[in-house]
Each structure stands twice: as C-alpha cells, then as structure tokens.
Amino acid sequence: MKRLLSPLLLALFLSGCAAGPHGRAVYVLVDTSGSYIHAVPKAARIIRYLLGTLEPGDTIAVARITSLSFTNKDRVAAITLSHRPAQADAEKRAMAARITSFVKTMAHRPGTAYTDISGALLEAAYFLRGIPVPTKEIIVISDMRQDLPPGALRHIALPLNGVSVFAVNVIKSRGENMNPARYLARMHKWDARIAKGGGRFIIVHQVSRLPALLRAS
C-alpha cells in the first residue's frame, strides 16, 4: 500500500512547484569603439558590481562591441556559476581577474573604427536563448551611437522576448546637448526596435540607479 505524503511534505512539494524555475543570466556588452573606449574602466566597475549580485547557478557573459559584433570571438568571458557557494565565489573572483586583464589590454589598443550595436545585441540574444532561466538581462555600456562599416546589414529582428536591455552610461554628443530632440529620437529608435523583438529597453541615466532598476526588472 502506498503511503500518502504528510500534509507538511505535500505543502512543501506544492510550493516548490508553484515557485517554478529560478535563476538569472546577464550578458554585458562593452563599447570599445574609438569614441567610447575611454569609458572601459567604468564598464569594469559595473561588471564587478554585477558579479556581486549573482547567486550560485547564475550565468554572466561579457563581450566587446566592435566594428562587426555578431560573433563569439568578441566574448571576453562567460561562465555559469557553480551551485556550490564556495566554488561560485571562487569563479566570481576569477571572472573579476579576467575583467581586470581585459581593461589593461584595452588601455593599449585603439578603439574600433565602427560600432555594431545591433550585431552585439543579436549575439547576446542568441546566447541567452540557450539558458533556461526566467530572468535575462543585457547590459549595454555604450553611447548607443551605431556606426556600421560599409556593406554591413543589420535589419534583422532582434529575438529579445522576455529580455530586459539596460543602456548604461549613454554619453550625449555636443549636438544632442544643443538639441535634446536628437537624443530623444535616437533613444526612441532603440526602444522601438527592442520592443519589436519582445524586449524592454531601460535607459540608466545614473549608474547609481542601476541596482534599483535591476531589482525592479
């Protein structure tokens, strides 16, 4: 005769089922174009903060935005943290060391001639699609000014269903300071394109606001 689950065990089982899957995957895109490469050290500080917010089992990847970015060759590092807390902490430290090395390398390189933000978003989107977690975020550390090389086509839809895209440290041009409508129009285009792909676009006007915005996403 089969034994019935006790009321306590049954409640725990049902609550576990209701909770559903959990976990988080974050893909960080760092603009390394000539107009933005000076901001890479600030990007490193943001990445280190993000590492501190991750839990065992979460995933993080970091990649450069270059002239042609729809490639995993521009990925600096990627890891799914161990479910063991001590091992996950060690992996975070190793990732932080790789980011420090990345910053030092970029300090001695010229920025890329073009800025393929669409290709980088597409690469990030396909990476995240393969990770079965409910919370997926792309952090874009860039001025969000796309400048594609001749012949590059980026009209393809971005598969961002359920993904929150945060634009951090968006530096305005002098012309946009003179005419804010230009800046607003540029941000609206990104908002519309990301929304068309099923994602949410959030502009982080102050880096200090990023923690609260991530918690609310």
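**Close-up views of a predicted model**

**View 1. Leu214 sits in helix α7, which spans residues 210-216.** Helices here are DSSP runs of H or I with at least four residues, strands are runs of E with at least two, and both are numbered from the N terminus. This is a predicted model, in which local features need pLDDT of at least 70, side-chain atom pairs count only at pLDDT 80 or more, and totals for chains, interfaces and linings use all residues. Residues are numbered from 1 along each chain as its sequence is written, and side-chain values use heavy atoms, leaving out hydrogens and water.

**View 2. Here are the surroundings of Leu214.** Leu214 counts as buried because its relative accessibility is 9% (buried means under 20% relative accessible area, exposed over 50%, partly exposed in between, with a 1.4 Å probe and protein chains only). Leaving aside residues up to four places away in sequence, Leu214 touches Arg24, Tyr49, Leu50, Glu137, Ile139 and Phe166; contact means heavy atoms within 4.5 Å. For a sense of scale, 14 Å separates the C-alpha atoms of Leu214 and Pro134, which lie 80 residues apart along the chain.

**View 3. Six strands form an open sheet with mixed pairing, in the order β3-β2-β1-β4-β5-β6.** At the edges are β3 (75-80) and β6 (200-204), each pairing on one side only; two strands pair if DSSP finds at least two bridges between them. From one strand to the next, the twist averages 15°, with axes fitted as lines to C-alpha atoms (for helices, over the stretch in contact) and angles running from 0 to 180 degrees between N-to-C directions.

**View 4. Strand β2 (residues 59-65) runs antiparallel to β3, joined by five bridges.** Look for Ala63, which stands opposite Arg75 in β3. Helix α3 (residues 85-106) packs on the sheet and touches β1 (24-31), β2 and β3. The direction of helix α3 makes about 175° with that of β3.
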